[in-house]
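Visitor: I'm new to this structure and would like to learn how to read it. Could you take me through some features one at a time?

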Amino acid sequence: MSTNSIDVQQIKQRFGIIGSSPLMEHAIRVAAQVAPTDMSVLVMGESGSGKEFFPQIIHHYSARKHYSYIAVNCGAIPEGTIDSELFGHRKGSFTGAVSDRKGYFEEASGGTIFLDEVGELPLPTQARLLRILETGEFIPVGASQPQKTDVRIVAATNVNLKEAVANGKFREDLFFRLNTVPIEVPPLRMRPDDVPLLFRRFAADSAEKYRMPPLRLSDEARIVLMRYRWPGNVRELRNITDRLSILEEERTVSAETITRYLNADAMQDLHPVIIRQNDARSEDKQIPHYEREIIYQVLYDMKKEIADMKNMINRIAHHEQPSWTVGSKVWENEELPAREQSWTQHTHAEPIHTDLTAEPIQEAKEYTEETLSLVELEKETIRRSLERHGGKRGPAAKDLKISERTLYRKLKEYGIDQE
């Protein structure tokens, strides 16, 4: 199958793979390319990342698709019975062997066998597997004559097999035979744009299963999910979505709500999310890292100012003296500039008592808040940072987490020096 003839979207639709991550699509493309051959494939990826899709893709697009496909979880079979499960046994070969039994390699002859968690195989079993890869032969437990099998082996692991080889836990020759064509499945944290799509799918599945309205993410919750590190990958996301669907009455999930369901350790090292800007005249473009940091700083400052204002209003309502937070400093009345002094003095005048029942309250007019563009957000946060540092570019650049060269280019681009 040539690269040009591979329809990745069709493959994703057929196997229910959600998302448009370039890393995931590359892995799918490699699986489809190697499928028509009989080469061994090693699928590598973290637990819960979706490795199980790839042997199915390989089998479906191979000449073996009309024969058996058997998936075996090597880590779930006890060491004492693994050889019997894989290679079969003869009657009387051990206690309880009351009859001959075919193993998975005999049953799957002509088709494909998927060995999940292949790194968990004991060393003697690894030697038997190597013989199949080299000669196509195996010996059932209790037998004396080898048998032939024609099977395509696709293996998967969530451990570093190179380290296992170095530690003597995995045969080096078997590793090289399995690793003829490696496929790396990206973890969910490396495909943040796919997280909201997966959440929507899982929320719809839960809604249908439990007969309730589907969950929706607020913008803030969506960003939290995209920045979370997902140690359990897609499996963790599905579990969290199911729990939210059952336990939360409010169907719009806020950032505060979603945070309660996330692993606190994985929340401590949030990674920047790739934000995309939509332009009808061009394709989505990734915003550079330094521009993302500026946007994050704007959002952080806005959130902090809102919190400070709420605190001030609450103090005024209880006739307490408000304090003002400016950057990292708290200003009391005697330290405030004249403008803030006058405002503080006004707020501490005698409270005005209004009879709310005297006149009917007029309905407020609808107010539409104008959304700032990304460019305006950048300009605003650059101005604020310069003001905080007295116009000094070095400290401002450090505050914005960008280089002075980048800050200088932004000042020139936005004409801030000339304002």
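Visitor: Let's start with a side chain: what joins the side chains of Gln 147 and Arg 90?

Guide: Before we look, keep in mind that this is a predicted model. The side chains of Gln 147 and Arg 90 are joined by a polar contact of 2.5 Å.

Visitor: Where does Gln 147 lie?

Guide: You'll find Gln 147 in strand β5, which covers residues 147-148. Besides Arg 90, Gln 147 touches Glu 106, Gly 136, Glu 137, Phe 138 and Pro 140, leaving aside residues up to four places away in sequence. Take Glu 137 from that list: it sits 10 residues from Gln 147 along the chain, and their C-alpha atoms are separated by 5.4 Å.

Visitor: Does Gln 147 count as buried or exposed?

Guide: Look at relative accessibility: buried means under 20%. Gln 147 has 18%, so it counts as buried.

Visitor: What does the side chain of His 89 reach at 3.3 Å?

Guide: That's the backbone oxygen of Ser 99. The side chain of His 89 is also joined to the side chain of Ser 84, by a polar contact of 2.7 Å. If you leave out residues up to four places away in sequence, the residues that His 89 touches include Phe 94, Ala 97, Asp 100, Arg 101, Pro 140 and Val 141.

Visitor: Now for helices. How are two packed helices described?

Guide: The general idea is to give the angle between their axes and the distance between the axes.

Visitor: At roughly what angle do the axes of α1 and α2 cross?

Guide: Helix α1 (residues 8-15) and α2 have axes that come within 10 Å and cross at roughly 90 degrees. The two helices are therefore roughly perpendicular to each other. On the α1 side the contact is made by Val 8, Gln 9, Ile 11 and Lys 12, and on the α2 side by Glu 25, Ile 28, Arg 29 and Ala 32. This contact of α1 with α2 divides into 4 nonpolar, 1 polar and 3 charged residues.

Visitor: And how does α1 pass α3, in a left-handed or a right-handed crossing?

Guide: The crossing of α1 and α3 is right-handed. The axes come within 11 Å and cross at roughly 115 degrees, which makes α1 roughly perpendicular to α3. Ile 11, Arg 14 and Phe 15 of α1 meet Phe 53, Gln 56, Ile 57 and His 60 of α3 in this contact. By class, the contact of α1 with α3 has 4 nonpolar, 2 polar and 1 charged residues.

How values were computed: Residues numbered from 1 in each chain as written. Predicted model: local features only at pLDDT ≥ 70, side-chain atom pairs only at ≥ 80, totals over all residues. Heavy atoms only, no water. Helix = DSSP H or I, 4+ residues; strand = E, 2+ residues; numbered from the N terminus. Buried < 20%, exposed > 50% of the residue type's maximum accessible area, 1.4 Å probe, protein only. Contact = heavy atoms within 4.5 Å. Polar contact = N/O pair within 3.5 Å; in protein donor to acceptor, adjacent residues only side chain to side chain. Axes fitted to C-alpha atoms, helices over the stretch in contact; angles between N-to-C directions. Parallel < 35°, antiparallel > 145°, perpendicular 65-115°, else oblique. Nonpolar A, V, L, I, M, F, W, Y, C, P; charged D, E, K, R; others polar. Left-handed = near helix turned anticlockwise from the far one by under 90°.
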